[in-house]
Protein chains: 2
Amino acid sequence: MPRLKAAQRRDQLMAVATKLFAKWGYNATTTAAIAEAAGVTEPILYRHFSSKQELFVAITRAMSQHTLDYWQEQTEGIHGPAEKLRAIAKGFPDHIRKLEDAYHVLHGALATSRERKVLAVIREHYVEIEKFFAGIIIQGQSTGEFHKEMDPRLPAWQLINIGIGYAMIALNLPSLEHFSVEEGIEHILRGLKA
Amino acid sequence: MPRLKAAQRRDQLMAVATKLFAKWGYNATTTAAIAEAAGVTEPILYRHFSSKQELFVAITRAMSQHTLDYWQEQTEGIHGPAEKLRAIAKGFPDHIRKLEDAYHVLHGALATSRERKVLAVIREHYVEIEKFFAGIIIQGQSTGEFHKEMDPRLPAWQLINIGIGYAMIALNLPSLEHFSVEEGIEHILRGLKA
């Protein structure tokens with residue numbers, strides 16, 4: 001295998017680790033297996049990531065940033081808060097399929113890992129998503145489009161919870177995907193209306 | 001360890017396997033580890049369950065039946081569909097905490113297992129839950145309490161998806177639990193109103 005530059009090697013190790021975590025679960029995957037699949041020795045892996053946890057943290061942060069950048073870009077030119085949520089809902093099925101392995105890793109680790117650092121970076125991810133959605137809800141409340149008698153975090157978490165459940169089913173039991181994200185968001189918007 | 005009757009041994013093996021699957025993930029747990037933790041030999045385990053998959057199937061079916069029995073019982077004396085959903089929402093946080101290990105197992109396997117039988121029994125579980133919720137929605141549509149221009153499976157899946165997401169966060173990142181299931185259901189009911 002030709003020698004890669006540090007940044008390329010880092011990216012390659014993250015891509016390989018994502019695949020193995022998605023396939024075997026975070027708990028069951030060892031740094032030895034990741035190094036082997038990447039065609040390097042463990043000491044080389046450790047030059048880039050000091051532990052399996054560090055790899056997980058890097059993968060989750062990259063996925064989180066990617067998601068937020070994508071939603072930011074998707075909603076940038078859209079004025080109304082309801083329309084912003086509709087645009088995100090519309091793109092969501094494709095978005096999770098593109099990041100399928102990263103979602104398996106995130107959800108698998110959330111369901112089963114008890115490592116403090118692993119849970120801390122997952123928490124960081126959801127806090128950012130909460131802020132993003134709460135911002136849209138607050139905009140809708142300030143323009144009078146959404147009703148004001150609610151903590152904006154409630155609908156933000158309604159959206160996050162639906163997103164987690166939807167992704168868990170759509171990615172793992174596609175034959176059960178009777179739920180249309182686009183219709184689902186209309187239902188939520190009905191409940192948000194002032 | 002004293003000899004147990006067949007039914008007791010079966011229950012004990014299921015309880016031990018639930019703990020190990022919850023802790024290490026379904027993929028990473030071996031029947032050897034389950035037998036050892038239960039204080040029996042592997043051949044004894046195989047007399048009761050022919051494989052790790054069979055154990056998973058038995059655990060998931062028991063948990064599914066337990067959930068449906070509980071909801072049936074909770075809603076039996078309640079007439080209105082909105083009130084039924086409120087009663088389920090109110091009891092949900094305690095319910096998932098009582099079945100915490102079983103939920104870790106279910107969600108962990110859903111996120112990471114690619115075994116056909118494992119996914120099939122999880123699918124069975126959600127199909128039963130879908131039927132249960134759709135029944136309540138149809139009742140609300142027939143009495144005119146809920147609006148009729150929707151496939152009842154849509155709100156049924158809205159509820160399932162929120163339930164999955166809520167349980168994933170509440171059980172694994174309790175410090176993020178800003179979402180009130182009881183307030184969340186009011187929001188959903190607003191959207192369901194005729």
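**Group meeting: the chain A and chain B contact**

Let's start at the interface: 48 residues of chain B and 47 residues of chain A make the contact, where contact means heavy atoms within 4.5 Å. Before going on, some ground rules. This is a predicted model, in which local features need pLDDT of at least 70 and side-chain atom pairs count only at pLDDT 80 or more, while totals for chains, interfaces and linings use all residues. Residues are numbered from 1 along each chain as its sequence is written, chains are lettered from A and ligands numbered from 1 in the order in which they are written, and side-chain values use heavy atoms, with hydrogens and water left out.

Now the area. About 4300 Å² is buried between chain B and chain A, and carbon and sulfur atoms give 64% of that. Buried area here is the accessible area (1.4 Å probe) that two parts lose on being put together, summed over both.

Polar contacts are another matter. Across the interface of chain B and chain A there are 16 residue pairs in polar contact, both residues at pLDDT 80 or more. That is a pair of N or O atoms within 3.5 Å; within protein, one must be able to donate a hydrogen and the other to accept it, and residues adjacent in sequence count only if both atoms are side-chain atoms.

Which helices of chain B supply at least two residues each to the side that touches chain A? They are H1 (6–24), H6 (100–112), H7 (116–142), H8 (153–172) and H9 (181–192). Helices are DSSP runs (H or I, at least four residues), numbered from the N terminus. H8 of chain B gives the most, with twelve residues. By class, this side of chain B has 22 nonpolar, 17 polar and nine charged residues. Nonpolar covers Ala, Val, Leu, Ile, Met, Phe, Trp, Tyr, Cys and Pro; charged covers Asp, Glu, Lys and Arg; the others, Gly among them, are polar.

The same surface serves both: 98% of the contact residues of chain B recur in chain A.

Over all chains, the whole structure has 14 salt bridges. Take B:Glu54 and B:Lys117, which pair at 3.8 Å, N to O. B:Glu54 lies in helix H4 (residues 52–75) of chain B and B:Lys117 in helix H7 of chain B, so the pair ties together parts 63 residues apart in sequence. Another is B:Glu186 with B:Arg86, the closest N and O atoms being 2.6 Å apart. That pair links helix H9 and helix H5 (residues 81–98) of chain B, 100 residues apart.

Last, a residue in helix H5 (residues 81–98) of chain A: A:Ile88. Is A:Ile88 buried or exposed? A:Ile88 is buried, at 4% relative accessible area; buried means under 20%, exposed over 50%, partly exposed in between (1.4 Å probe, protein chains only). Beyond neighbours within four places in sequence, A:Ile88 contacts A:Trp71, A:Gln74, A:Thr75, A:Phe132, A:Phe133 and A:Ile136.

Definitions and conventions:
Salt bridge = Lys/Arg side-chain N within 4 Å of Asp/Glu carboxyl O.
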